[in-house]
Every structure is written in structure tokens, then in C-alpha cells.
Amino acid sequence: MLARIRAGESAAFAELVNRHGPMARRVAVLSGAGSDADDVVQEAFVKAYRALWTFREGAEFRPWLLRIVVNESRNLHRGHSRRSDRELRVARDGARLARWPDPAELAVGDERRTALLGAIRTLPVDLREVVTCRYLLELSERETAHVLAVPPGTVKSRLHRALATLRGELPDV
């Protein structure tokens, strides 16, 4: 598909946007863009398009794009330490849409999910980002490393620290 885009086929870029747009939006929201997520994603796609000719042949496109989205989200709110409640609502709604539990499980699950997402929100930014990528966005460790522009070992160590912190705050979850 990238070869078609590089050849000037605009429909191929539209396919690329349709394929990766929803995930890019989720990443933007969970990275703190909130209500500006659509603008962040649009800017990320524009930057990706402009840089497409420098994209390394054979590399994975999705992690590369999501890294641009994360960087754009960081640029949008550089210096802000608090994330909006919107990102938690999106994560909660996304998790709720993933499957249909029975009513009793739903009642207990909502309470636990709210506690877990609240605890994730209190993590330092570097730990929150790695948990978001790995568990909320279900990226691989390699993709997470690429998106966050850190070595894979850093992803593992941050995940270890984040999970230890969450276990301490939520012993029954």
C-alpha cells in the first residue's frame, strides 16, 4: 500500500487513514489529547504523509504512525501533568464494548474498572504511557517501545514498576 501512496494514488492513502485512524484516535485520547484528539490525529497523518518518502521500506507502519500521534499529543499539552477525564471514559467505554458480561459481573466489573483506571491515572506519565500502550491499546512490547521511542528493556522495566505500583494500590484487583 505504501508503494501505491508513493506512486501518487490518493485512494491508497485514504485506505491507510481508514485502517489506522481509529487506533490513532484512541492513542491520542489516551495520550492526553482529549477533545483535541481528532486534530492531533489529523496533524499526525499530515506529518506521516510528508515523511512517507523517508519511511524505511520493510518497517512496520502502525508503530511509526502511533509514535507520531504520541509526539503530537505530548506537544499539544506539554507541561500539563493532569489528563482529562475523557481519556478514562474512552478507555472505560472501549473496555465495556469489548464483551458483554452478565449483569452481576458488570456491576462488580464497573467498580473494579473504575478503580483500576483511576489508579492508572495517578501513575507518573512514563509509567502511565507504557501501561496504556501495552494493556489498553494492546500493542506488543516492540510496538510500545517504538511508539514511545524507548528501548524494549525500558518498556519491560516500566511495566514492572507500574504493575508493582498498581498491585500496591489495588491489592484485590
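Modeller: One definition to begin with: accessible areas come from the Shrake-Rupley method with a 1.4 Å probe. And bear in mind that this is a predicted model.

Biologist: Okay. What does the accessible surface of the protein come to?
Modeller: About 9900 Å². Carbon and sulfur atoms account for 53% of that surface.

Biologist: And what share of the residues is buried?
Modeller: The protein has 173 residues, and 38% of them count as buried.

Biologist: How many helices and strands?
Modeller: Nine helices and zero strands. Along the sequence the pattern reads α-α-α-α-α-α-α-α-α.

Biologist: What about contacts between residues at least 6 apart in sequence? How many of those join residues at least 24 apart?
Modeller: 66% of them do.

Biologist: Switching to packing. At what angle do helix 4 and helix 8 pack?
Modeller: About 40°, with the axes 7 Å apart. Helix 4 covers residues 61-76 and helix 8 covers residues 141-148. Because of that angle, helix 4 is oblique to helix 8.

Biologist: Is the crossing left-handed or right-handed?
Modeller: Helix 4 passes helix 8 in a right-handed crossing.

Biologist: Which residues meet there?
Modeller: From helix 4, Arg62, Pro63, Trp64, Leu66, Arg67, Val70 and Arg74. They meet Glu143, His146, Val147 and Leu148 of helix 8.

Biologist: How do the residues of that contact divide into nonpolar, polar and charged?
Modeller: Where helix 4 contacts helix 8, six are nonpolar, one is polar and four are charged.

Methods
Residues are numbered from 1 along each chain as its sequence is written. This is a predicted model: local features need pLDDT of at least 70, side-chain atom pairs count only at pLDDT 80 or more; totals for chains, interfaces and linings use all residues. Side-chain values use heavy atoms; hydrogens and water are left out. Helices (H or I, at least four residues) and strands (E, at least two) are DSSP runs, numbered from the N terminus. Buried means under 20% relative accessible area, exposed over 50%, partly exposed in between (1.4 Å probe, protein chains only). Contact means heavy atoms within 4.5 Å. Axes are lines fitted to C-alpha atoms, for helices over the stretch in contact, and angles run from 0 to 180 degrees between N-to-C directions. Angles under 35 degrees count as roughly parallel, over 145 as roughly antiparallel, 65 to 115 as roughly perpendicular and the rest as oblique. A crossing is left-handed if the near helix is turned anticlockwise from the far one by less than a right angle, and right-handed if clockwise. Ala, Val, Leu, Ile, Met, Phe, Trp, Tyr, Cys and Pro count as nonpolar, Asp, Glu, Lys and Arg as charged, and the others, Gly among them, as polar.
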